[in-house]
Amino acid sequence: MAFALTNLLQTLRIGSLGINKSDASDAMLVEKAKAKIDLQLAVPEITLEEVAHHDSFDDCWIVIYDRVYDVTHFLREHPGGDDVIMDHAGRDATIAFHGTGHSRHAVEQMRQFLIGELPPDQCIFRTGQNKVLSSGIPD
């Protein structure tokens, strides 16, 4: 697995052939790339139909940038109030999320609620074909 990952990183030009262990910045870039790849491999595909079944205060999933988040336990803590999230429970909330200008911290905090991502045929933002919609979306 490590050899395949190294080859993939080299192919993508994320890491060099001879990584200098003393160079912290190169090592950090490689670790970030590995974490990103691990994240992509670790989350299951969840369809929009499945997300639609999770639309209550006791079971609340939303989709943001083609990724599925279980925000059930975050509802009461949301600074904008739980009703803002409940307006999009069981549906895509990307436009609402993007439109409110969430901070980088908020985007980072979302990772703990990530449970899956949409199948490729249901993705809008994370496609290689649509460069306009995929530019600037959070990892």
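1. Y65 has a relative accessibility of 8% and therefore counts as buried, a term that stands for under 20% relative accessible area, with exposed for over 50% and partly exposed in between (1.4 Å probe, protein chains only). The model is a predicted one, in which local features need pLDDT of at least 70 and side-chain atom pairs count only at pLDDT 80 or more, while totals for chains, interfaces and linings use all residues. Residues are numbered from 1 along each chain as its sequence is written, and side-chain values use heavy atoms, with hydrogens and water left out.

2. The structure holds two aromatic pairs; rings of Phe, Tyr and Trp (its six-membered ring) pair if their centres lie within 6.5 Å, and planes under 30 degrees apart count as stacked, over 60 as edge-to-face and the rest as tilted. Y65 and F125 form an edge-to-face pair, at 5.3 Å centre to centre and 80° between the planes. This pair links distant parts of the chain, 60 residues apart: Y65 lies in the loop between β2 (59–64) and β3, and F125 in the loop between β4 and α7 (131–134). Helices (H or I, at least four residues) and strands (E, at least two) are DSSP runs, numbered from the N terminus. F125 is likewise buried, at 11% relative accessibility.

3. The rings of F74 and F113 have centres 5.3 Å apart and planes at 45°, so this pair is tilted. It also links distant parts of the chain, 39 residues apart, with F74 in the loop between β3 and α4 (82–86) and F113 in the loop between α6 (104–110) and β4. F74 is buried at 12% relative accessibility, and F113 is buried with a relative accessible area of 15%.

4. Four strands form an open sheet in the order β1-β2-β3-β4, with antiparallel pairing; two strands pair if DSSP finds at least two bridges between them. β1 (55–56) and β4 (114–117) stand at the edges with a single partner strand each, so one side of each has no neighbour in the sheet. Strand β3 (residues 67–70) is joined to the antiparallel β4 by three bridges, and R67 has E117 in β4 as its bridge partner.

5. The largest nonpolar core has 19 residues, and C60, I62 and I64 are among those with the most contacts inside it. Such a core is a set of buried Ala, Val, Leu, Ile, Met, Phe, Trp, Tyr and Cys residues joined through side-chain atoms within 4.5 Å. β2, α4 and α6 each give two or more residues to this core, and β2 supplies the largest share, three residues. A second, separate core of seven residues includes I46, W61, L118 and C123.
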